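Me: I have a model open and want to go through it with you. Can we start with the ligands and then move on to the helices?

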Amino acid sequence: MTTKQVSHPKTKLWMAAIKPPMYSVAIMPIWVGTAVAFAETRVFNLVVFSSFVAAAILILAWENISNDVFDSETGIDQNKHHSLVNLTGNKRLIFWLGNLSLVSGLLGIIAIATWQKDPTVIGIILLCCGLGYIYQGPPFRLGYQGLGEIICFFAFGPLAVTAAYYSQTQAWSMTSLAASVIVGIPTTLILFCSHFHQVKDDIAAGKRSPVVRLGTAKAAQLLYWFTGSIYPFTLLFVLFGIFPKWTLLSWLSLPYAVKLCRHVQQNHHLPEKVSNCKFIAVKMHFWSCLLFGLGFMV
Ligand SMILES: C/C(=C\COP(=O)(O)OP(=O)(O)O)CCC[C@H](C)CCC[C@H](C)CCCC(C)C
Ligand SMILES: O=C(O)C1=CC(=O)c2ccccc2C1=O
């Protein structure tokens, strides 16, 4: 009984530190870029797709692991019990674990470029990693200036989707670029949502996230507009004949979008209650991107 009571919170903390659901965020741009490539060229290379997905997960793991390392240096994670550094008490180990993850991920990307005899994909992904570093690493820490959401949009949207498209086709596509907007927006909303419950700690550490800058009430309103934008954008691209009509399947994720906006509207000022909103955003992102990609495949 006692063992259970003691071990349960520890397991929970580790799960919160590892954040398994978050990794769908790495998979979806690869899925959508590959789906657009299939729709346009009927090419689908399963080995390239699987290698890219594995590499993207490892690169995102590096981003998250090193986030805990860099944040331990600014003091912003003092109250974050599920920080990997706080959990292990070994910053060096976590730092090298992150680097190992990055190198393994990049090896996957190098393998794809070698099969293609073309370094373009490496270039695009190195750019993503560079953006990931300047978001949180010294001396840049652009996330602390409130620029994380812009970085996030370009890394997970245009860059990652284009890289996935290119990995299948060795070509560029305007449709893939348009599709990347539909992936980039919900990914960015996850990051935006992750800041609602952290306002106090962020202000104390000098981090001016968009939610700190706007205040939680205005940020909750902005969330409505951005969440709501994905669906009419998709419709517009379908009407212009850029996306196939089946991409409207992504509208089935609307209940999550409504749940997210309502939850944040009601609880934006209550850190304990609003803290789970990023996971509602992850669900909305997962279903909207999965169905959106499927719309290109059918
Ligand atoms: C680590 C990230 C967010 C956590 O930020 P924060 O410090 O506010 O959170 P905590 O409160 O939990 O400490 C994600 C940040 C994403 C970043 C803006 C861009 C990352 C770029 C990636 C390396 C791109 C990978 C793309 C992949 C599909 C190949
Ligand atoms: O821990 C987080 O808050 C996030 C982790 C993460 O990997 C990610 C990726 C893309 C957008 C947002 C986020 C997070 O918010």
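Me: How many residues surround ligand 1, and which are the closest?
Reply: There are 25 residues around ligand 1, and the closest are Ala56, Asn67, Gly132, Cys152 and Ala155. A residue is near a molecule or strand if its C-beta atom, placed from the backbone, lies within 6 Å of it. This is a predicted model, where local features need pLDDT of at least 70 and side-chain atom pairs count only at pLDDT 80 or more, while totals for chains, interfaces and linings use all residues. Residues are numbered from 1 along each chain as its sequence is written, and chains are lettered from A and ligands numbered from 1 in the order in which they are written.

Me: Which elements give two or more residues to that shell around ligand 1?
Reply: Helix 2 (24–41), helix 3 (46–74), helix 6 (120–136) and helix 7 (148–169) do. Helix 3 gives the largest share, seven residues. Helices (H or I, at least four residues) and strands (E, at least two) are DSSP runs, numbered from the N terminus.

Me: What is the shell around ligand 1 like by class?
Reply: It has 16 nonpolar, seven polar and two charged residues. Ala, Val, Leu, Ile, Met, Phe, Trp, Tyr, Cys and Pro count as nonpolar, Asp, Glu, Lys and Arg as charged, and the others, Gly among them, as polar.

Me: And which residues surround ligand 2?
Reply: Lys19, Met22, Val25, Leu60, Glu63, Asn64, Cys152, Thr187, Ile190, Leu191, Ser194 and Lys278. By class, six are nonpolar, three polar and three charged. Helix 3 and helix 8 (174–193) each supply at least two residues to the shell around ligand 2.

Me: On to packing. At what angle do helix 2 and helix 3 cross?
Reply: Roughly 150°, with their axes coming within 8 Å. Axes are lines fitted to C-alpha atoms, for helices over the stretch in contact, and angles run from 0 to 180 degrees between N-to-C directions.

Me: What does that make helix 2 relative to helix 3?
Reply: Roughly antiparallel. Angles under 35 degrees count as roughly parallel, over 145 as roughly antiparallel, 65 to 115 as roughly perpendicular and the rest as oblique.

Me: Is the crossing of helix 2 and helix 3 left-handed or right-handed?
Reply: Right-handed. A crossing is left-handed if the near helix is turned anticlockwise from the far one by less than a right angle, and right-handed if clockwise.

Me: How do helix 2 and helix 7 cross?
Reply: Their axes come within 8 Å and cross at roughly 50°. That makes helix 2 oblique to helix 7, and the crossing is right-handed.

Me: Where is Phe70, and why does it count as buried?
Reply: Phe70 is in helix 3. Phe70 counts as buried because it has 20 C-beta neighbours inside 10 Å. The cut-offs are 20 or more other C-beta atoms within 10 Å for buried, 12 or fewer for exposed, and in between for partly exposed, with C-beta atoms placed from the backbone.

Me: Where is Arg141?
Reply: In the loop between helix 6 and helix 7. Arg141 is buried, with 20 other C-beta atoms within 10 Å.
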